[in-house]
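Open the model in your viewer and keep the sequence panel beside it. Each stop below says what to select and what to look for there.

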Amino acid sequence: MTDRTFAERSEVLRDRYRTTLGAVPRAVEDRLRVAQAFGRLPTEEAFTALRHIVLADSPLGGRVQQLVHFGQLLALGRAEPARIHARGSLHAGAGIADLIGVAETALITSGTPAYALGIEIIIELLQDDDGRVG
């Protein structure tokens, strides 16, 4: 595959992430570097296509689907992906109150660590440039 072909095909993948999350996560860029180095772009394309079906074509809709991802990642204790999907939830039309509701649900289903992580992420999203919440 030529560098140009790789660049064009990988940009299509990046656009899918921009659509659902509003940005391209660092982990995606890392996977694309591995795909380029080892000729594995078709794997990343298949993964991104499946991800697009699950997120964009979900009967839940984009907003709810992002909130579900946020909650599941809180339950798993996966801080960075939870941050990505919290921002993705906002990008899809959710509000801070929705994120709080997910964090509170995580308290019941997964305990204090999940709830605390959710609130930590919400506080980060609320912080002013000077570090104050509000």
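Select Arg 14 to begin. In this predicted model, Arg 14 has a relative accessibility of 15% and therefore counts as buried, the cut-off being under 20%. Glu 11 is partly exposed, at 32% relative accessibility.

The structure as a whole holds twelve salt bridges.

**Along helix α1**

Select residues 3-21. This is α1, with 19 residues. From first C-alpha to last, α1 reaches 26 Å, close to the 27 Å expected at 1.5 Å a residue.

Which residues of α1 are buried? Colour Phe 6, Ser 10, Leu 13, Arg 14, Tyr 17, Thr 20 and Leu 21: these are the ones. They cover an arc of only 120 degrees around the axis, which puts them on the same side of α1.

What covers the buried residues of α1? Show α2 (26-38), α3 (41-56), α4 (61-76) and α5 (79-91), which are included in that cover.

Arg 4 counts as exposed, with 62% relative accessibility. Glu 8 is partly exposed, at 43%.

Step to the end of the helix. Just after α1, Gly 22 takes a positive phi of about 85 degrees.

**From α1 across to α3**

Select Arg 9 and Glu 45. Their closest N and O atoms are 2.6 Å apart, in a salt bridge. Arg 9 lies in helix α1 and Glu 45 in helix α3, so this pair ties together parts that are 36 residues apart in sequence. Both ends are partly exposed: Arg 9 has a relative accessibility of 29%, and Glu 45 has a relative accessible area of 21%.

Next, select Leu 50, Ile 53 and Val 54. What do these residues form on the surface? They make a nonpolar patch, with about 270 Å² of accessible area together. Val 54 is found in helix α3. Its relative accessible area is 41%, so Val 54 is partly exposed.

**Helix α5**

Select residues 79-91, which are α5. This helix has 13 residues. It reaches 18 Å from its first C-alpha to its last, close to the 18 Å expected at 1.5 Å a residue.

Colour the buried residues of α5: Ala 82, Arg 83, His 85, Ala 86, Gly 88 and Ser 89. Which helices do the buried residues of α5 pack against? Show α1, α3, α4, α6 (96-110) and α7 (112-126).

Move on past the end of the helix. Just after α5, Gly 93 takes a positive phi of about 110 degrees.

**Zoom out**

How many helices and strands does the protein have? The secondary structure comes to seven helices and zero strands. Read along the sequence, the pattern is α-α-α-α-α-α-α.

Orient the view on the principal axes. Along them, the C-alpha trace spans about 50 × 35 × 25 Å.

The accessible surface comes to about 7,800 Å². Carbon and sulfur atoms account for 58% of that surface. Of the 134 residues in the protein, 30% are buried.

End with the contacts. Take those between residues at least 6 apart in sequence: 57% of them join residues at least 24 apart. The pair from α1 and α3, Arg 9 and Glu 45, is 36 residues apart.

Notes:
Residues are numbered from 1 along each chain as its sequence is written. This is a predicted model: local features need pLDDT of at least 70, side-chain atom pairs count only at pLDDT 80 or more; totals for chains, interfaces and linings use all residues. Side-chain values use heavy atoms; hydrogens and water are left out. Helices (H or I, at least four residues) and strands (E, at least two) are DSSP runs, numbered from the N terminus. The expected span of a helix is 1.5 Å times one less than its number of residues. Buried means under 20% relative accessible area, exposed over 50%, partly exposed in between (1.4 Å probe, protein chains only). The arc is that of the directions from the helix axis to the C-beta atoms. Contact means heavy atoms within 4.5 Å. Patches are made of residues with over 30% relative accessible area and no salt bridge: like charges are joined within 9 Å, nonpolar side chains (Val, Leu, Ile, Met, Phe, Trp, Tyr) within 5 Å. Accessible areas come from the Shrake-Rupley method with a 1.4 Å probe; for residues, only the protein chains shown count as cover. A salt bridge is a side-chain nitrogen of Lys or Arg within 4 Å of a carboxyl oxygen of Asp or Glu.
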